[in-house]
Amino acid sequence: MASLSRFVVRRAAAAFVLLLLVLTATFFLLHLAPGDPTQLLDNPRIPPAQRAHLREIYGLDRPLAVQYLSWLRAAARGDWGDSWVHHRPAARVLAEAFPATALLAAAALPLEAALGLALGVAAARRRGAWGDHVLRTVSLVIYALPTFWLGLMAILAFSVRWPIFPASHLRSVGAGELGPLAAALDVARHLALPALVLAVTNAGGLARFVRNSLLDTFSQDYIRTARAAGISERRVVWVHALRNTLPPLVQVLGLQLPLLLSGSLVIEVVFSWPGVGRLAYDAVLTRDYPLVLAATALAGVLVVLGTLLADLVLAAVDPRVRHA
Amino acid sequence: MLDRRNPLLRAGALLVTLLGFAALAAPWLAPADPAALEDPAASSYRPPLTRLAAVRTVDGRWLLADRVARTGDQLILTRRDETVSLPAASVANLAGDGVSDTRRFVLGSDHLGRDVLSRVLYGGRVSLAVGTLALLLALTLGVAVGAAAGAAGGWVDLVLMRAVDAMLAFPTLLLALAAAALLRNSLAVLIFILGGTAWMSVARLVRGEVLALKEREFVLAARAAGVRPLRILWRHLLPNALTPVIVDASLRIGDLILVEAALSFLGLGVQPPTPSWGSMIADGRDALATAWWVAVFPGVAIALAVVAFNLLGDGLRDRYDPRLATARR
């Protein structure tokens, strides 16, 4: 296991450098772009002197290099600064929004995996036949649907025409009065549409991936041997073949983890879901630099964690990776 | 392209050709000017297949009406729930009891009374052009970096590929969002953002191909014959690495169209009044309950375009990727 821990340390070190690069790039992108947050106060009733004063408070009047170094020093201590819009620590604002996003991802990921696997395996087993064409077309079409549009269509169908599910937010007004069971049910009802839409649109790509890698595996000798040995087709597919498509699948799902979090941004905007994605979107629009940087850091950490997690599972499963 | 045994390729090629034709011929196909504002009071949010009479006054204004009737020297216009009467003498296009012009909204109209069909056609021009140009940018960058890394090897390869890994790990959408928000209002910026976040996997692919080709006999022979490295790269390595790159590109353009649509939907991509599918859906979001057609049709167009390019890509891959071809037999 020594090699495994060395592997983790090496990966973590690379991840740290990467994160630093991402944040530095974001910092300079934010600060070098024309305009700054005080332009939002660009109205004639606010005298220029006051704007200058605000820039001074935010520290925007200092040289860029000084701003960068002091931000970096604070960030290293875990101080991400106060959000300029929420007037509270940016890290805390993010932390408060995180559970909603995590809940959405936790609901969508298993659904996506189940749907993607089922569609992909079913298509691969019927390779070249009618069923394959139909299932491939279904996967392709749901992959091609823009997530935000499918979200709107879901709202149109299930919140407007047949009002079964609420169209936005995480709780009903006055949900605080409900008992624990009723409150959980209320959240579940709000969760249904965004989670389903997110899972369905992501499952299309996954199904295509599963089908193609299963077909690659099917052409290998050991599968022919297993079939020749009289092992049932179901067992050949689900145990022998699928196990070998697992490593790439784990990697894809590992990359999906951050995608589910940052990629659910559009869904969070459509469903007014109070999560990290919508917060980041608003922060970009209002030029809330500390919040944008903190959100980028969070997204970066998740990307790194997702890949690291996938690599770890991979290393545990496949000794070749460990010793590479 | 017209391989009988490959229905995917045929369907994809046909759809892509049709889409390309529709986009190029939009000025001739579109029944109306996509930005025209003609009498929004009467024409906003009309459902599909609505037909309105178009009254042209002598001072050149257009008035739209559900029905037009003539009583004596007055023209009676029924506009939604109200009726307006107009002296017949002030109307320039009188014909019999009514007027000679009509406006037909095949796919309905939006909040400003603009024709959705025309906007979908013109929006297709923008979305396809942005997607294609971003793809070309991604291909140029990806092929250059990948070929350099693969051909040079050593520390050049190491540095370039670490850079690719770093770029791949960037939270793309957030980055694109920040860049688009901060540098907004230009199609060129949008194309750079999309292309700049999509070239990395092209680079990986090209590097892999070049590395594999470098060991093939014809390349070794060329090198033994004293052909200069750059010429080997240009004449032997790149042409042979091109097929998988083209297949990959045809699959990638769908993703670019989807990202562009998402950015435009969020208000950070193509800016009004230029129509784009994503921003049209954003327009339709505000009236989802009462005017579904504004959001529905551009979404169908996006899905159709992405399906078309993916069918083409799948078909090309089935045909040109030797690994899959043998797996098939």
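Which residue stands opposite Val68(B) in β4(B)? That would be Leu77(B).

## What we're looking at

This is a predicted model, where local features need pLDDT of at least 70, side-chain atom pairs count only at pLDDT 80 or more, and totals for chains, interfaces and linings use all residues. Residues are numbered from 1 along each chain as its sequence is written, while chains are lettered from A and ligands numbered from 1 in the order in which they are written.

## The chain B hairpin

Strands β3(B) (residues 67–71) and β4(B) (residues 74–79) run antiparallel, joined by 5 bridges; strands pair if DSSP finds at least two bridges between them. Helices (H or I, at least four residues) and strands (E, at least two) are DSSP runs, numbered from the N terminus. The hairpin has 2 residues between the strands, and Gly72(B) takes a positive phi near 60° there.

## Where A meets B

Here 38 residues of chain A are in contact with 32 residues of chain B (contact means C-beta atoms, placed from the backbone, within 7 Å). On the chain A side, α12(A) gives the most, with 7 residues. That side divides into 31 nonpolar, 6 polar and 1 charged; Ala, Val, Leu, Ile, Met, Phe, Trp, Tyr, Cys and Pro count as nonpolar, Asp, Glu, Lys and Arg as charged, and the others, Gly among them, as polar.

## Nonpolar cores

A nonpolar core is a set of buried Ala, Val, Leu, Ile, Met, Phe, Trp, Tyr and Cys residues joined through C-beta atoms within 7 Å, with buried meaning 20 or more other C-beta atoms within 10 Å of a residue's own. The largest has 158 residues, and Ala294(A) is one of those with the most contacts inside it. Helix α4(B) (residues 116–152) supplies the largest share, 17 residues.

Another core, of 13 residues, lies apart and includes Leu77(B).

Terms used:
Two residues are in contact if their C-beta atoms, placed from the backbone, lie within 7 Å. A residue is buried if 20 or more other C-beta atoms lie within 10 Å of its own, exposed if 12 or fewer, and partly exposed in between; C-beta atoms are placed from the backbone.
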